[in-house]
2 protein chains.
Amino acid sequence: MKGVKMEINEFHINNILKDMEKKEYQGYLLAQFTNIHYISNYRPTSFAFCVIKEDPIIYASKMDMEIANKTSTIEVKEFTSFSDMLGELKKEGISNLAIEPSLVYSTYEKFKDSFNIKSETFIDAQRQIKTADEIDKIQKATQIAQKAFVDLDILNNTNPENIVALELDNLMRKYGANGSSFDTIVTSGSNSSLPHATPQDKQLEKPILIDWGAKYHGYCSDNTRTIVYTEKQNEICDIVAEAHDKAIKAIKPGLKCCEIDKVARDIISEYGYGDNYIHSTGHSVGLDIHEIPTFSTKDKTVIEKGMVITVEPGIYLEDNFGVRLEDTIAIEKNKGRIIGDLPLIIE
Amino acid sequence: MKGVKMEINEFHINNILKDMEKKEYQGYLLAQFTNIHYISNYRPTSFAFCVIKEDPIIYASKMDMEIANKTSTIEVKEFTSFSDMLGELKKEGISNLAIEPSLVYSTYEKFKDSFNIKSETFIDAQRQIKTADEIDKIQKATQIAQKAFVDLDILNNTNPENIVALELDNLMRKYGANGSSFDTIVTSGSNSSLPHATPQDKQLEKPILIDWGAKYHGYCSDNTRTIVYTEKQNEICDIVAEAHDKAIKAIKPGLKCCEIDKVARDIISEYGYGDNYIHSTGHSVGLDIHEIPTFSTKDKTVIEKGMVITVEPGIYLEDNFGVRLEDTIAIEKNKGRIIGDLPLIIE
């Protein structure tokens, strides 16, 4: 198993090294846990730095040395101090150093006077295209999450919002999830107009909006279902479902991400709810719940096979209610394929 | 209630404005969710930027506008674009802009050519000293977490590690926690030598190490207990307990943080386990689980009344077992006071 992981990690590293070479970087500094996990299979638990270079290396905190040595497919040494680390990198002839865009300023500050630094999205670009193994894990996470949702029997569940959220979290873990991919949203009644509402200690009102995901071997799933009751809620739900379906149908490698957003947004706008569609149509998922590219008005990334992106249109009527429907889409050779098999409309 | 919150937030903001004035900053940019929560009572759910200035302002994402307007004690406007935001800040005469140290590089990059930028720890310094209200919340979080631990009946619990962790999470929520302050650690046997081990689907072995915390109104608690069985485990546990007790006893406003670390580290070293003490003695807690200052070898911060810092010495014998004992300490006028009343040794 370690052999397979090492091969995949080497594949990722080699691709990034090619990107680095083109721009004459001798090193690429990563600190984000999911980036380090992606490159080495080691998941930091306190702090660590990875430098991709001819001989990639991880500087791990002392307390992580045991787990890093046991799991990393690339060399690990103990982080002692920034000045030691800087000294070693300079001695190896690194002068142009790329950094990940998510590096925090206080870390950048330690390096900025010693290297020519620019932030580069090499790692994000590489992570955009999932391997078969990564897609399998996202599928397994989705399976777990959807099975848990079915078991929740939401139509007959009489618990308050926060208990329903807890039940869903527990069911996901029962079915093999390592945890939830984000704080589970179970919201209802007028609170459903808040896209990221916090579950309350109150009985479920109508409609019920549930946004949830499981984590499986580090990989996230992401779905949303809204259970509607009144005529008005049904009318809004039909529009959101139309936007959802048509956006997914429109997905094709070669198109730009913003074109998919436009399909969903135009439908919602035609019905007069453009101002009530207050977020993007979707985001990529993987080791992180929010990755790039996104189906947003501004993202001109060209859609490629291997990307995994959500489609989640919604309409939010302030102080009244909201409806959102979300599936996660694997981009295949000619089309987008919905991951999972949970019906869109729960009734 | 909003009135009280506004007063507290104004108090924090005024202190930070004074720090800013001394260094001639006209603005201070924050994006970290807990920093924005601290300043405004609004907890971002997607993204937001707060600029502390004469008239502080929050730029919230469109999808957060409803919740931001409902909860923020300071002015909120919708974030439209970085160029709009930059234009507005420049128009107001901001030229020297401080940023929080945790700001990600990709955001810093948007601002760096338009302002004189330096990172400043004004907000961290302010957050170091907790108000009575903040200490109350940490106490309540601790109460919940410790009550949950007692209910777990760990000495008679026959579930596997991951189910015990789940039970503890559920009990904390049952008793009023909004969630766990971090991924609950329940580890046992040889895995206990990994300070941040992940709970496994395996029966509890000996010793059992549990590191857990509850979140209450955003504030974190943090405790660790290790249940030991063999003579060797008891011997190690006695040393860790001695380090724990003497370090806490040594706490006094006016001393430096590193002096408390030294008390614990010296005891462990005297018994010959210095190399097996692979982390710092403690960290501050608040809205984040890891805050500054820390009881570490290098932190020279002077201890002050109002700080809340953990003391958590540990000894880790690789591939054998580990013992850690942790309490959270409120710094009072002349001493440190342990928050909570859970016995240190569970037997």
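# Close-up views of a two-chain predicted model

Chain A and chain B bury about 2900 Å² between them, with 55% of that area on carbon and sulfur atoms. Buried area is the accessible area (1.4 Å probe) that two parts lose on being put together, summed over both. This is a predicted model: local features need pLDDT of at least 70, side-chain atom pairs count only at pLDDT 80 or more, and totals for chains, interfaces and linings use all residues. Residues are numbered from 1 along each chain as its sequence is written, chains are lettered from A and ligands numbered from 1 in the order in which they are written, and side-chain values use heavy atoms, with hydrogens and water left out.

**View 1. The interface of chain A and chain B.** Each side is counted here by its contact residues (contact means heavy atoms within 4.5 Å). Chain A gives 32 residues to the contact, and chain B gives 32 residues. Three residues, Met63(A), Glu66(A) and Tyr105(A), supply 24% of the area that chain A buries against chain B.

**View 2. The rotation axis.** A rotation of 180 degrees, with 0.0 Å of shift along its axis, superposes chain A on chain B (RMSD 0.0 Å). That is the relation of a two-fold axis. The copies are superposed by least squares on the C-alpha atoms of residues with pLDDT of at least 70 in both. Which residue of chain A comes closest to the rotation axis? Val104(A) does, with its C-alpha at 2.1 Å. The same surface serves both copies: 100% of the contact residues of chain A recur in chain B.

**View 3. Polar and charged links across the interface.** The rule finds four salt bridges across the interface of chain A and chain B. A salt bridge is a side-chain nitrogen of Lys or Arg within 4 Å of a carboxyl oxygen of Asp or Glu. Between the two chains, 19 residue pairs are in polar contact (both at pLDDT 80 or more). Helix 3 (65–71), helix 5 (105–111) and helix 8 (161–174) of chain A are the elements that give two or more residues to the side touching chain B. By class, that side of chain A has twelve nonpolar, ten polar and ten charged residues. Ala, Val, Leu, Ile, Met, Phe, Trp, Tyr, Cys and Pro count as nonpolar; Asp, Glu, Lys and Arg as charged; the others, Gly among them, as polar. A polar contact is a pair of N or O atoms within 3.5 Å; within protein, one must be able to donate a hydrogen and the other to accept it, and residues adjacent in sequence count only if both atoms are side-chain atoms.

**View 4. Lys70(A) and its salt-bridge partners.** Lys70(A) forms a salt bridge with Asp319(B), the closest N and O atoms being 2.9 Å apart. Lys70(A) also meets Glu66(A) in a salt bridge (2.7 Å, N to O). Lys70(A) and Glu66(A) are four residues apart in helix 3 of chain A, so about one helical turn separates them. Helices (H or I, at least four residues) and strands (E, at least two) are DSSP runs, numbered from the N terminus. Are these two residues buried or exposed? Lys70(A) is partly exposed, with a relative accessible area of 43%. Glu66(A) is buried, at 9%. Buried means under 20% relative accessible area, exposed over 50%, partly exposed in between (1.4 Å probe, protein chains only).

**View 5. A salt bridge between Arg173(A) and Asp169(B).** The side chains of these two residues meet at 2.6 Å, N to O. Arg173(A) lies in helix 8 of chain A and Asp169(B) in helix 8 (residues 161–174) of chain B, so the pair joins two chains. Arg173(A) is partly exposed, at 28% relative accessibility. Asp169(B) is buried, at 11%.

**View 6. The loop that holds Pro56(A).** Pro56(A) lies between strand 2 (48–52) and strand 3 (57–60) of chain A. Its relative accessibility is 15%, so Pro56(A) counts as buried. Which residues touch Pro56(A), leaving aside its neighbours within four places in sequence? Pro56(A) is in contact with Ile13(A), Val51(A), Ile74(A) and Glu75(A).

**View 7. The loop that holds Glu205(B).** Glu205(B) is found between strand 8 (185–188) and strand 9 (208–212) of chain B. Glu205(B) is partly exposed, with a relative accessible area of 39%. A polar contact of 3.3 Å joins the side chains of Glu205(B) and Lys202(B).
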